[in-house]
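Visitor: I would like to learn how to read the features of a model like this one. Please show me the structure, and we can go from there.

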Amino acid sequence: MWSSIPCCRKELSLSVTLSCGQSFRWKEVEPGVWRSVLAGRIWTLKQTDNELLYHVQKSDSDCNSSKEEHTVAKKSKRPKRLIPKGSGDSGSGDSVNENSGLEDTLKDYFQLDVSLGDLYKRWSAADKNFANRGRFLPGVRVLRQDPVENLFSFICSSNNNITRISGMVVKLCVKYGLLVGRLDGECWHSFPAVSALAGKDTEGELRSMGFGYRAKFIHQAAALLLKQGEDWLYQLRNVPYPEAHAELQKLPGVGAKVADCVCLFSLDHPGAIPVDTHVWQIACRDYMPELKAKKHLTDRTYKDIGEFFRNLFGGYAGWAHSVLFSADLKKFQALTASPAGDDVVSPTKKRKRKIEEKP
């Protein structure tokens, strides 16, 4: 049985938001139906023009030991942003409370308290290029993910593409995560605990699984995070963006771009601008032609691009950046092409999408 939240497509596009390189575990199990593990449960999502529909599979007792249940419960205590009143937290009884909690989890994950329509209007008024792109690609939201999963997922992103990153993240979950349950013949796992990724044999195992040099960074970052405590990572939601960005880069395998991805997608810093070679090309082509003379993405250029977009789009510049980034992905370019072929910036040359981060 499906539950629903009022949400129109202009406020959320599942097909773009879940597959544009923010999160790497959502799977389209059939056209328009998406599935993943979120907050220790298996979630299945789909949408109509006016509703976000969800179904949550409870953990299968045949798949979970008491240790697994304890770990999932412990993870659920991690800090969440409060959802405004009126989010469905009414009524009484265990069933009502549970449904309200599930709804709050989903609203928090998609940050549905943020009016995306208002932001699109503001960005379109500020930038003609955004207006041309955004009108054909509505509903691109920034997710509010678990920082641990988000961090290690983007450590996997170094010199990689979305498909391969997704494969690596799935391998991590199957090898080191907990079995949450089975649905339609498929097993679904939680993201690994930091302690599992910090195990003494982890680096060698990951190398044998095809992670290459990323294996060392995953293991070393997990060991350091285990020593510092996960609270250190979660508390970066409560410090200014420059401080969070700098602190993250103390972890092995985390440079400026990965730090910005974590800041934007899990640490409540909506002005963070992840800049890889792809975003650099967008900036050169559509906004900062003076950068075309530069042969490499230097630290100075990285900062200049971020500041340019923050000045143009304001406090939620990272969200606007995600729309432009998605519009430039090959798989979405057909959606952003004007029927009349007018006013839309020409797409870049076809190339395999990479999310780059130099160690």
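This is a predicted model: local features need pLDDT of at least 70, side-chain atom pairs count only at pLDDT 80 or more; totals for chains, interfaces and linings use all residues.

Visitor: What is the phi of Asp268?

Guide: First the general idea. Most residues other than glycine have a negative phi. Now the case here. Phi of Asp268 is near 65 degrees, a positive value in a residue other than glycine. Asp268 follows H13.

Visitor: Is Asp268 buried, exposed or partly exposed?

Guide: Buried means under 20% relative accessible area, and exposed means over 50%. Asp268 has 27% relative accessibility, so it counts as partly exposed.

Visitor: Take H6 next. How many of the residues of H6 are buried?

Guide: In helix H6 (residues 147-155), 9 of the 9 residues are buried, so H6 is largely enclosed by the rest of the structure. The buried residues include Glu149 and Asn150, as well as Leu151, Phe152 and Phe154. The cover over H6 includes helix H7 (162-176), helix H8 (194-197), helix H10 (214-228), helix H11 (230-234) and H13.

Visitor: And H16? What do its buried residues pack against?

Guide: Helix H16 (residues 317-327) is mostly covered, with 11 of its 11 residues buried. They include Gly318, Trp319, His321, Ser322 and Phe325. Those buried residues pack against helix H1 (14-17), helix H4 (116-126), helix H5 (128-134), H13 (256-266), helix H14 (277-286) and helix H15 (299-313).

Visitor: How do I read the packing of two helices?

Guide: Two packed helices are described by the angle between their axes and the distance between the axes. Apply that to H15 and H16. They pack at an angle of about 105 degrees, and their axes are 9 Å apart. Angles of 65 to 115 degrees count as roughly perpendicular. H15 and H16 are therefore roughly perpendicular to each other.

Visitor: Which residues make the contact of H15 with H16?

Guide: H15 contributes Phe309, Arg310 and Phe313, while H16 contributes Ala317, Ala320 and Leu324. The residues of this contact divide into 5 nonpolar, no polar and 1 charged.

Visitor: What is the angle between H4 and H16?

Guide: H4 and H16 pack at about 80 degrees, with axes 11 Å apart. That makes H4 roughly perpendicular to H16. Leu116, Leu119, Tyr120 and Trp123 in H4 meet Trp319, Ala320 and Val323 in H16. This contact of H4 with H16 holds 7 nonpolar residues, no polar and no charged.

Visitor: How should I read a nonpolar core?

Guide: In soluble globular proteins, nonpolar side chains tend to be buried together. In this model, the largest nonpolar core has 78 residues. Trp123, Leu151, Phe152, Leu248 and Phe313 touch the most other members.

Visitor: What does Phe313 touch?

Guide: Leaving out residues up to four places away in sequence, Phe313 touches Trp123, Asp127, Phe130, Tyr287, Ala320 and Leu324. A second, separate core of 18 residues includes Leu18, Leu45, Val56 and Leu102.

Visitor: One more loop, please. Where is Lys294 found?

Guide: Lys294 is in the loop between H14 and H15. With 42% relative accessibility, Lys294 counts as partly exposed. Lys294 touches Trp280 and Thr301, not counting residues up to four places away in sequence. Lys294 and Cys284 are 10 residues apart in sequence, and 9.6 Å apart in space from C-alpha to C-alpha.

Visitor: Now the whole protein. How many helices and strands are there?

Guide: The protein has 16 helices and 7 strands. Buried residues make up 51% of its 359 residues. Among contacts with a separation of 6 or more, residues 24 or more positions apart account for 70%. The accessible surface comes to about 16,800 Å², and 52% of that belongs to carbon and sulfur atoms.

Key: Residues are numbered from 1 along each chain as its sequence is written. Side-chain values use heavy atoms; hydrogens and water are left out. A nonpolar core is a set of buried Ala, Val, Leu, Ile, Met, Phe, Trp, Tyr and Cys residues joined through side-chain atoms within 4.5 Å. Buried means under 20% relative accessible area, exposed over 50%, partly exposed in between (1.4 Å probe, protein chains only). Contact means heavy atoms within 4.5 Å. Helices (H or I, at least four residues) and strands (E, at least two) are DSSP runs, numbered from the N terminus. Accessible areas come from the Shrake-Rupley method with a 1.4 Å probe; for residues, only the protein chains shown count as cover. Axes are lines fitted to C-alpha atoms, for helices over the stretch in contact, and angles run from 0 to 180 degrees between N-to-C directions. Angles under 35 degrees count as roughly parallel, over 145 as roughly antiparallel, 65 to 115 as roughly perpendicular and the rest as oblique. Ala, Val, Leu, Ile, Met, Phe, Trp, Tyr, Cys and Pro count as nonpolar, Asp, Glu, Lys and Arg as charged, and the others, Gly among them, as polar.
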